[in-house]
Amino acid sequence: MSTTAEQGRYATRVQAYRIVSRAYFHLPIVVVFLTQQGFGPLATAALLALYGVTAALGDHVVAPLRRRLSLAGCLVVGEAVKLVGLLVLLAPVSAGTAVVSQLLSGLGFCLTAGTDAALASTLLSGERFRAREARTQAGMFLISFAAGVLGAVAYAQYDRAPFLLSALGCAVAALLALPGGRGGLRSKAAAQGAGAAATAGPARVLPWQVRLWASYYSVSRAVLLTAYTFLLPLLLFFGARLSVTLFGAVLGLYTLCGLLSVRLSLVWQRRYSATTLFWLSSGAMVLGLLLLVPGGLAATACGTALLGLAGGTVRPTTMGFLGPAMAGLPDAERQRVTRGLERRQGLVQAVLLIGSGLWLGSGGSASTAVAGCALLVVAGQAVAARLVARRPQEGTEDGGAEPRPPVSAGVASADAAAEAGAGSGSAPAASGVRG
């Protein structure tokens, strides 16, 4: 950027990009859309899982492109790829078009995931960055909720309207991310060198506490997002027989409660401890899943709200324990751990989706699939509870912030809190899976 004023203006545009890019008009109705297009439970689950696998493993595919692009370039190209993935669904839907849409959406996500947070951190620092980050994350949650409800209303009028609106959001986001002045889309050689240095060297065997807390995060998030993107829509639309509009509003409780819990969890951890936050998060997750089992509008709405509260606290809870466990690791290893959280989550989520699809395809119900997820969560919580019980009395470090990996053109820090309640960072063309 040529001047401080120009950099400030671009920082504002990046903030706007981060909010607009979360306008997922299509997110609540993906499962409904695919089901009404004739896809069975297993096919629908497989398409959602395809996105998760692509988002988890696609880094290797897009790595050559990312090395040639600046952070802004990754955002612009990533939004363009996602836009094409959305427009593919405007054609007559077939297995082929749905697969292409998911692949493009997953690869676009690989280019944008965390890159926006990394770019924002290069434009602002200190208290200005933290203050703007708080406003940005609140805007992400709110626009996700509003777009979800509006998308459900639009779907009732025209079943392709939510995808058109999301494509328009991608186009606006790409324009906002375009750098002004002397900034460009090509990567600087120095930035490439920094990225190479950050990831160089062989991976070491991680401490067992790090591995277990990383697994706790990935499994918990995978269960929550499997419920949010696949099982809840089936329960609400085809089980409770809600109107599309009411369906979108109830599902939106997940996002709103995620915003609330992210805000409260940071205050709670500072005032009390990571241990008490762990028990609150675990209780909300288990109780929320159990409330979905009997069905009914009231129980399902309460369960959805509790799952949103759990979704917003999983990452702060994990980092309250994982952060201190990584204290002795070098920056490159911390970076591998934090990036691996989402990658492992995508793979676990793909397994859960396929398993749920197989169960439903064989005549099982969505309620019993949710019950199976609840059992998995209880087992995971039992392992985590043993870790918590063996931990020494906590000090103030438990409320510490997540360690940030080094920023480079190709490697970005995780966009933590904003992803927790919204269901998936950069949502795909036919999936609510985050990534």
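This is a predicted model: local features need pLDDT of at least 70, side-chain atom pairs count only at pLDDT 80 or more; totals for chains, interfaces and linings use all residues.
View 1. Contact here means heavy atoms within 4.5 Å, and helices are DSSP runs (H or I, at least four residues) numbered from the N terminus. Among those buried residues are Thr44, Leu47, Tyr51, Thr54 and Ala55. With 17 residues, α3 reaches 24 Å from first C-alpha to last, close to the 24 Å expected at 1.5 Å a residue (1.5 Å times one less than the number of residues).

**View 2. α3 alongside α15.** Helix α3 (residues 41-57) packs with helix α15 (residues 331-361) at about 170 degrees, axes 8 Å apart; the axes are lines fitted to C-alpha atoms over the stretch in contact, with angles from 0 to 180 degrees between N-to-C directions. That makes the pair roughly antiparallel (over 145 degrees). On the α3 side you'll find Leu42, Ala49 and Val53, among others, and α15 brings residues including Arg343, Gly346 and Ile354. The tally is 15 nonpolar, 4 polar and 1 charged; Ala, Val, Leu, Ile, Met, Phe, Trp, Tyr, Cys and Pro count as nonpolar, Asp, Glu, Lys and Arg as charged, and the others, Gly among them, as polar.

**View 3. α11 against α13.** The axes of α11 (residues 208-239) and α13 (residues 274-292) come within 12 Å and cross at roughly 30 degrees. That makes them roughly parallel (under 35 degrees). Trp213, Tyr216 and Leu235 are among the α11 residues that meet α13, whose contacting residues include Phe278 and Met285.

**Notes.** Residues are numbered from 1 along each chain as its sequence is written, and side-chain values use heavy atoms, leaving out hydrogens and water. Local features need pLDDT of at least 70 and side-chain atom pairs count only at pLDDT 80 or more, while totals for chains, interfaces and linings use all residues.

Notes: Helices (H or I, at least four residues) and strands (E, at least two) are DSSP runs, numbered from the N terminus. Angles under 35 degrees count as roughly parallel, over 145 as roughly antiparallel, 65 to 115 as roughly perpendicular and the rest as oblique. Buried means under 20% relative accessible area, exposed over 50%, partly exposed in between (1.4 Å probe, protein chains only).
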